[in-house]
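Subject: Structure handover

Hello,

Here is the structure I said I would pass on. Please open it next to this email and follow along as you read.

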Amino acid sequence: MAKQRLSKQDWLHAALDALAEGGVAAVAVEPLAQRLGVTRGSFYWHFADRNALLREALEWWELQGTEMVIERVNAITDPRQRLRTLLHIAIVEDPTSGLEPALVAHAGDPAVAPALHRVTQRRVAFLAEVYAEIGLPAAKARYQAISAYSAYVGWMQLKRAMPSVLPEIADDPDALTHFVEQLVPGSTM
């Protein structure tokens with residue numbers, strides 16, 4: 001029986017999973033091929049080299065984890081509900097668990113830095129827009145956006161690093177609701 005041919009998307013997902021688990025160094029052709037149960041030839045069908053894989057994986061993450069999420073929540077007219085939904089999606093629907101903390105940990109890597117810079121800038125700018133719509137003055141909206149994004153990155157890092165110490169972060173819907181409501185001005189808890 002012939003093996004099913006892997007798609008470019010399969011390689012991108014495997015690269016992001018490896019990055020989340022072991023950092024940038026873990027994105028290597030041979031270990032990824034072994035993980036996927038194929039030869040390296042499958043890799044070269046889709047990518048010129050490891051750098052192309054890493055660049056395209058990070059571009060996919062940027063598109064799916066930022067632009068598509070923003071597009072999805074922009075249809076929500078109430079800014080408080082938009083913020084709640086955005087935070088919920090970011091935390092609950094994370095397709096590559098642990099990727100965010102791994103990327104932040106490798107912020108100085110020349111392959112990671114440009115994508116991480118663009119994503120952070122875009123996400124904070126979007127959050128600032130939502131906070132301004134809620135009624136915060138521009139400067140305070142920006143500060144609140146930075147605080148909210150920092151809290152999100154911290155939540156994701158703790159979820160990855162200490163799920164047994166802080167099980168509420170790992171899998172407690174009430175804790176998640178409490179966290180989200182703390183970041184929404186004017187929420188009634």
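Predicted model: local features only at pLDDT ≥ 70, side-chain atom pairs only at ≥ 80, totals over all residues.

Overall layout

The secondary structure of the protein consists of 10 helices and zero strands. Read from the N terminus, the order of elements is therefore α-α-α-α-α-α-α-α-α-α. Along the principal axes, the C-alpha atoms take up a box of roughly 60 × 35 × 35 Å. The protein has 189 residues, and 40% of them count as buried. Its accessible surface is about 10,100 Å², and carbon and sulfur atoms account for 56% of that.

How much of the contact pattern joins residues at least 24 apart in sequence? Taking the contacts between residues at least 6 apart, the share is 64%.

Aromatic rings

A pair of aromatic rings is described by two things, the distance of the centres and the angle of the planes. Searching the whole structure gives five aromatic pairs. In one of them, the ring centres of Trp11 and Phe43 are 5.4 Å apart and the planes stand at 75°, so this pair is edge-to-face. The cut-off behind that step is an angle over 60 degrees. Trp11 belongs to helix α1 (residues 8–22) and Phe43 to helix α3 (residues 40–46), so the pair links distant parts of the chain, 32 residues apart. Both Trp11 and Phe43 are buried.

Phe43 also pairs with Tyr44, again edge-to-face, with 4.8 Å from centre to centre and 90° between the planes. Are these two residues buried or partly exposed? Phe43 has a relative accessibility of 0%, so Phe43 counts as buried. Tyr44 has a relative accessible area of 44%, so Tyr44 is partly exposed. The limits used here are under 20% for buried and over 50% for exposed, with partly exposed in between. Trp11, Phe43 and Tyr44 form one aromatic cluster together with Phe47.

The largest pocket

Rolling a probe the size of a water molecule over the atoms shows where empty space is left. The largest pocket holds about 440 Å³ of space. Its lining has 25 residues, and the closest to the pocket centre are Gly65, Thr66, Val69, Ala90 and Arg123.

Which helices supply at least two residues each to this lining? They are α4 (50–74), α5 (79–92), α6 (99–105), α7 (113–134) and α8 (138–161). Helix α4 gives the most, with nine residues. By type, the lining residues divide into 16 nonpolar, four polar and five charged.

Single residues

Tyr152 is in helix α8. Its relative accessibility is 6%, so Tyr152 counts as buried. Leaving out residues up to four places away in sequence, Tyr152 touches Ala90, Ile91, Glu100, Arg123 and Phe179. Two of these names, Ala90 and Arg123, were also given above among the residues closest to the centre of the largest pocket. Tyr152 and Leu87 are 65 residues apart in sequence, and their C-alpha atoms are 7.9 Å apart in space.

Thr85 is in helix α5. With a relative accessible area of 22%, Thr85 is partly exposed. Apart from neighbours within four places in sequence, Thr85 is in contact with Val73 and Ile76. The C-alpha atoms of Thr85 and Arg72 are separated by 9.5 Å, and the two residues are 13 places apart along the chain.

Where is Met162 placed? Met162 sits in the loop between α8 and α9 (167–171). Its relative accessible area is 37%, so Met162 is partly exposed. Met162 and Ala151 are 11 residues apart along the chain, with 16 Å between their C-alpha atoms.

Asp10 is in helix α1, the helix that also holds Trp11. At 30% relative accessibility, Asp10 counts as partly exposed. Asp10 and Pro173 are 163 residues apart in sequence, and their C-alpha atoms lie 31 Å apart.

To go through the model yourself, you could start at the pair of Trp11 and Phe43, go on to the lining of the largest pocket, and end at Tyr152 in helix α8.

Regards

Notes:
Residues numbered from 1 in each chain as written. Heavy atoms only, no water. Phe/Tyr/Trp six-rings, centres within 6.5 Å; stacked < 30°, edge-to-face > 60°. Helix = DSSP H or I, 4+ residues; strand = E, 2+ residues; numbered from the N terminus. Buried < 20%, exposed > 50% of the residue type's maximum accessible area, 1.4 Å probe, protein only. 1 Å grid on protein atoms, 1.4 Å probe; cavity = no way out; pocket = protein on both sides within 12 Å on 5 of 7 lines; lining within 4 Å. Points joined across faces, edges and corners; volume = space filled by probe spheres on them. Nonpolar A, V, L, I, M, F, W, Y, C, P; charged D, E, K, R; others polar. Contact = heavy atoms within 4.5 Å. Areas by Shrake-Rupley, 256 points an atom, 1.4 Å probe, with all protein chains shown as cover.
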